[in-house]
Amino acid sequence: MNKILITSEVISGAVTLRKNYRLTVGDSIIASSAKIYDLVLLTNNVKDFKGIKSLKIENPLKLK
């Protein structure tokens, strides 16, 4: 199993995302991690992340 580290870069990005997009702390850390590690964020809650530029989002329930 791969682990994603919560680095100072992730936290700094999370603070910026939280301020700019009014995300919860958890959502901002998740979004920042996905951006920094260049990952696709899988969530049913697409609407909370939709406006974040350069964040790749997919709803796993709508994948074919």
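## Close-up views of a predicted model

The structure holds two salt bridges. Welcome to this model, which is predicted; the legends below visit those pairs and then a few other residues.

**View 1. D38 and K56 meet in a salt bridge.** Here the side chains of D38 and K56 come together, with 2.6 Å from N to O. This pair links distant parts of the chain, as its two members are 18 residues apart. Look for D38 in the loop between α2 (25–36) and β1, and for K56 in strand β2, which covers residues 56–58. D38 counts as exposed because its relative accessibility is 54%, over the 50% cut-off. K56, with a relative accessible area of 36%, is partly exposed. Side chains of opposite charge can pair when their charged atoms come close.

**View 2. K47 forms a salt bridge with D48.** In this pair, the closest N and O atoms are 3.4 Å apart. K47 has a relative accessible area of 66%, so this residue is exposed.

**View 3. T43 sits in the loop between β1 and α3.** To find your way, note that β1 spans 40–42 and α3 spans 46–49, with T43 in the loop between them. How accessible is T43, buried or exposed? T43 counts as buried because its relative accessibility is 12%, which is under the 20% cut-off. The T43 side chain also reaches the backbone nitrogen of N45, at 2.9 Å. Which residues does T43 contact, once its neighbours within four places in sequence are left aside? They are F49, I57, E58, N59 and P60.

**View 4. R22 has a positive phi.** The phi of R22 is about 55 degrees, although R22 is not a glycine. Where is R22 placed? R22 lies in the loop between α1 (8–21) and α2. With 77% relative accessibility, R22 counts as exposed.

**View 5. D38 has a positive phi.** We return to a residue from the opening view. D38 is not a glycine, yet its phi is positive, at about 55 degrees. The place of D38 is in the loop between α2 and β1. As a reminder, D38 is exposed, with a relative accessible area of 54%, and its side chain meets that of K56 in a salt bridge.

Methods
Residues are numbered from 1 along each chain as its sequence is written. This is a predicted model: local features need pLDDT of at least 70, side-chain atom pairs count only at pLDDT 80 or more; totals for chains, interfaces and linings use all residues. Side-chain values use heavy atoms; hydrogens and water are left out. Helices (H or I, at least four residues) and strands (E, at least two) are DSSP runs, numbered from the N terminus. Buried means under 20% relative accessible area, exposed over 50%, partly exposed in between (1.4 Å probe, protein chains only). A polar contact is a pair of N or O atoms within 3.5 Å; within protein, one must be able to donate a hydrogen and the other to accept it, and residues adjacent in sequence count only if both atoms are side-chain atoms. Contact means heavy atoms within 4.5 Å. A salt bridge is a side-chain nitrogen of Lys or Arg within 4 Å of a carboxyl oxygen of Asp or Glu.
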